[in-house]
Amino acid sequence: MQDPLAFIIAVSHIASAIALLNGFLVAIGQARIASAAIESMARQPEASDSIRGAMFISLGMAETGGIYGLLISFVMLFANPLVQIYLQNR
């Protein structure tokens, strides 16, 4: 290993990419939520109001996972605490 700071930054970029992969998985999950809700509304039109409400709550909860992944990615790229620790102990 030639430069520990370069290693820390490289691993941070890899971790950021993995955290952003979360957004892809959230999109798949949201598509499944919407698909199941539409199918349920087609089967029981009289319950579509309650199904729609549950769908929006579920979509909001699923979206928070994607937002957390984006937040972790931003922290790892722009405010990485490991870089600060390394620079203080250098």
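The model is predicted, so local features are described only where pLDDT is at least 70, side-chain atom pairs count only at pLDDT 80 or more, and totals for chains, interfaces and linings use all residues. Residues are numbered from 1 along each chain as its sequence is written, and side-chain values use heavy atoms, with hydrogens and water left out.

**The whole chain**

Begin with the chain in cartoon view, where there are three helices and zero strands, helices being DSSP runs of H or I with at least four residues and strands runs of E with at least two, numbered from the N terminus. Read along the sequence, the pattern is α-α-α. The radius of gyration is 20 Å, well over the 12 Å that the globule rule gives for 90 residues, so the chain is more spread out than a compact globule; this radius is taken over C-alpha atoms, and the rule is 2.2 Å times the number of residues to the power 0.38. Along its principal axes the C-alpha trace spans about 65 × 20 × 10 Å.

Of the 90 residues, 22% count as buried, where buried means under 20% relative accessible area, exposed over 50%, and partly exposed in between. Among contacts (heavy atoms within 4.5 Å) between residues at least 6 apart in sequence, 76% join residues at least 24 apart.

**Ser 16**

Select Ser 16 in helix α1, which counts as buried at 4% relative accessibility. Leaving aside residues up to four places away in sequence, Ser 16 touches Ser 73, Met 76 and Leu 77. The side chains of Ser 16 and Ser 73 make a polar contact at 2.5 Å, a term for a pair of N or O atoms within 3.5 Å in which, within protein, one must be able to donate a hydrogen and the other to accept it, while residues adjacent in sequence count only if both atoms are side-chain atoms.

**The salt bridges**

Side chains of opposite charge can pair when their charged atoms come close. With a salt bridge defined as a side-chain nitrogen of Lys or Arg within 4 Å of a carboxyl oxygen of Asp or Glu, the count comes to two.

Select Arg 43 and Glu 39, whose side chains meet at 3.0 Å, N to O. The two residues are four apart in helix α1, and therefore separated by about one helical turn. Arg 43 is exposed at 66% relative accessibility, whereas Glu 39 is partly exposed at 41%.

Next select Arg 52 and Asp 49, whose closest N and O atoms are 3.1 Å apart; both lie in helix α2, three residues apart, about one turn of the helix. Here Arg 52 is partly exposed at 34%, while Asp 49 is exposed at 59%.

**The nonpolar patch**

Finally, select Leu 20, Leu 70, Phe 74, Leu 77 and Phe 78, which form a nonpolar surface patch with about 500 Å² of accessible area together. Patches are made of residues with over 30% relative accessible area and no salt bridge, like charges being joined within 9 Å and nonpolar side chains (Val, Leu, Ile, Met, Phe, Trp, Tyr) within 5 Å. Helix α2 (residues 48–78) supplies the largest share, four residues, while Leu 20 lies in helix α1 (residues 4–43) and is partly exposed, with a relative accessible area of 43%.

Key
Accessible areas come from the Shrake-Rupley method with a 1.4 Å probe; for residues, only the protein chains shown count as cover. Buried means under 20% relative accessible area, exposed over 50%, partly exposed in between (1.4 Å probe, protein chains only).
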